[in-house]
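Hi there,

As promised, I am handing over the model for you to look through. Please open it first, and then read my notes below.

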Amino acid sequence: MKGKKLLRDHIRAHWPYYAVAVTIMAAANIIYAFFPRVLGQFTDELELQGLTEQSVVKYSLLLLAIGVGYGLFFGIGQYINHRMGRYFEFNTRQKLFRHFTVLSEDYFSRNGKGKMLSYVMNDVTSVRESIANGVNQMTNASILLISVIVMISISGIPFSLLAISVAPLLSIPFLVIYFGPRIRERSKNVQESLAVMTESAEEQFGGIKVTKTFATEQIAHERFSETVDRIRANQLRLVKATSLFQSVLPFVGAMSMVVAITYGGILVSRSALSLGDFVAITLYLRMIMQPLQQIGNVINTIQRSRASLDRLNRLLSEVPDIREAAEATPLQPAATDIEIHGLSFQYPGANRPSLQDIHISIKAGSTLGIIGKTGSGKTTLMKLLLRVYDAPEHTIMIGGKDIRQITLESLRSQIAYVPQDGFLFSTTIRDNIAFYDRKASMERVEEAAKHAEIYENIVGFPKGFETRLGERGLTLSGGQRQRTSLARGMIKNAPILIMDDSVSAVDAVTETKIISNLKKLRQGKTTLLIAHRISAVKHADEIIVLDDGRITERGTHEELLRLGGYYASLHSIQEGDDSIEQQGG
Ligand SMILES: Nc1ncnc2c1ncn2[C@@H]1O[C@H](COP(=O)(O)OP(=O)(O)OP(=O)(O)O)[C@@H](O)[C@H]1O
């Protein structure tokens with residue numbers, strides 16, 4: 001069954017350790033099972049022959065040996081199991097992270113970050129606890145139970161007493177069948193509500209600045225409280241089921257004890273059972289109570305973690321939407337002519353296409369400018385070029401090859417994509433710029449910063465390029481962030497550079513400098529420039545205007561001005577009102 005794969009793979013990879021741990025724990029419990037027998041013999045000897053100093057020492061040493069042997073073996077077995085549990089945790093988190101990196105953007109837009117965190121934190125921990133405690137307690141309990149039954153049968157205790165005392169225990173499997181699915185279902189609800197809470201916390205923390213500026217702390221608090229209340233309600237339902245189950249098992253054990261004492265007492269009074277055997281069977285039954293409770297715990301833990309294991313396995317079996325074709329070949333850096341033919345595209349689940357019948361031919365080394373209203377499909381077109389989403393077959397060709405037949409790694413390493421709101425990591429500015437190649441020399445990093453017109457800002461910070469950004473560091477302004485992200489794209493010096501509205505938060509003077517740097521830097525290389533400002537694209541070899549997913553105008557700057565359409569009117573608005581251009585970061 002697919003749902004058990006994660007655990008099965010783990011056990012398969014580490015079974016020798018588990019075999020050793022189980023053997024050692026079994027030995028510990030077998031040793032422990034001798035305890036009542038030795039005590040029973042001691043009682044009989046005391047009653048029949050009286051005690052000598054020698055026999056007191058003998059029995060004390062025997063009991064000490066049982067205690068030390070049990071403690072030692074049990075400790076080692078438990079250590080191995082817990083260690084293996086940690087391995088599972090470590091490996092599963094690695095596996096999850098790797099899996100997250102291959103899942104497509106569509107998956108992340110359907111599932112929040114909080115949910116991912118919950119998988120990595122709550123679910124993995126729940127399964128790890130169940131593995132370590134499960135193997136420990138299950139081995140303990142079952143071996144102890146078997147040893148006790150064997151020890152009772154080889155002692156002089158009559159079979160009828162044994163049978164009648166153990167009879168109440170036969171109800172245990174039925175109790176497990178009844179409680180198991182209920183505990184699992186309730187655990188699933190708890191895990192899901194935990195995921196919702198993590199998601200909500202993540203969102204509330206992310207949006208804390210908006211919350212504060214709108215003075216809506218109370219609303220945020222109420223929203224978060226709702227998720228916490230849901231966890232509490234689900235936890236309480238789970239606790240009810242687990243507590244009931246855990247209390248029923250010792251009750252069943254106590255019933256065994258009552259039967260043994262009543263029936264055994266009658267046998268002793270009729271001299272059909274020795275006092276030593278009576279002591280031994282009561283001690284044995286007391287011993288059984290402990291494993292019974294443990295079995296209850298284990299079943300609880302296993303049922304709870306089954307819900308988590310199912311969630312993890314479901315996530316790991318999620319197939320990425322964007323897959324590399326078996327016959328895919330790498331894209332050659334020299335062959336980067338881009339041909340787009342009859343491309344129409346609709347997002348999964350959307351009710352209308354975002355792009356319709358697009359035809360573009362971009363010669364390697366040329367610059368294409370893309371202008372269009374918001375929501376006209378500019379970013380979508382770039383996402384299809386990067387294969388963040390898959391375009392229909394044979395609609396996008398690069399270097400004469402269908403984009404779907406190019407290896408993903410080679411495609412994306414030939415393209416540098418600079419989005420409008422490039423995410424910066426909580427590390428130094430240097431590492432953020434040299435993100436693609438951490439070994440890049442300082443000269444290259446500085447040069448990229450100069451081309452992106454951010455160099456002067458960076459050297460003005462006390463720690464310069466070593467300034468840390470993010471949570472424990474400096475906060476950059478919108479324009480500074482955009483230019484740092486631009487430097488990250490420029491340093492890659494890729495055959496194709498995509499600037500997706502990447503200078504929108506930059507003032508007009510700086511933008512002019514960046515565009516002029518770009519023209520020099522990108523000579524002989526392909527550049528796709530998306531912008532809302534004509535000044536950013538007017539030098540392009542060709543400019544297209546997108547409207548509602550369709551190309552409505554195309555040509556050079558001069559041709560489009562002559563056309564007198566959207567581009568020309570945008571030009572007259574922007575050129576006619578310089579104050580618009582002077583705004584920004
Ligand atoms: N993941 C998605 N799922 C469904 N629809 C989407 C998705 N992403 C974008 N869209 C829709 O596709 C259309 C084109 O969006 P796109 O982001 O390409 O526009 P754009 O021209 O880049 O806009 P802007 O200039 O505001 O960045 C919009 O109607 C948008 O709502």
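Before the sheets, a word on terms: two strands pair if DSSP finds at least two bridges between them. Helices (H or I, at least four residues) and strands (E, at least two) are DSSP runs, numbered from the N terminus. Please keep in mind that this is a predicted model, in which local features need pLDDT of at least 70 and side-chain atom pairs count only at pLDDT 80 or more, while totals for chains, interfaces and linings use all residues. Residues are numbered from 1 along each chain as its sequence is written.

Glu-339 has Met-397 in strand 4 as its bridge partner. Contact here means that the C-beta atoms of two residues, placed from the backbone, lie within 7 Å.

A second open sheet holds six strands in the order 6-7-8-3-9-10, with mixed pairing. Strand 6 (415–418) and strand 10 (550–555) are the edge strands, each pairing on one side only. From one strand to the next, the twist averages 15°. Helix 10 (residues 378–385) packs on this sheet too, touching strand 3 (367–372), strand 6, strand 7, strand 8 (526–530) and strand 9 (542–547). Its direction makes about 150° with that of strand 7. Strand 6 pairs in the parallel sense with strand 7 (residues 496–500) over four bridges, and Ile-415 is partnered there by Ile-496.

What about strand 3, is it enclosed or open? Six of its six residues are buried, so strand 3 is largely enclosed by the rest of the structure. A residue is buried if 20 or more other C-beta atoms lie within 10 Å of its own, exposed if 12 or fewer, and partly exposed in between, with C-beta atoms placed from the backbone. Thr-367, Gly-369 and Ile-371 point one way from strand 3, and Leu-368, Ile-370 and Gly-372 the other way. Gly-369 has Leu-529 as its bridge partner in strand 8 and stands opposite Ile-543 in strand 9.

**The ligand**

Which element gives the most to the shell around the ligand? Helix 10 does, with three residues. Residues surrounding the ligand include Ser-109, Tyr-347, Gly-372, Lys-378, Thr-379 and Thr-380; a residue is near a molecule if its C-beta atom, placed from the backbone, lies within 6 Å of it. By class, the shell has two nonpolar, nine polar and one charged residues. Ala, Val, Leu, Ile, Met, Phe, Trp, Tyr, Cys and Pro count as nonpolar, Asp, Glu, Lys and Arg as charged, and the others, Gly among them, as polar.

Best wishes

Notes. Axes are lines fitted to C-alpha atoms, for helices over the stretch in contact, and angles run from 0 to 180 degrees between N-to-C directions.
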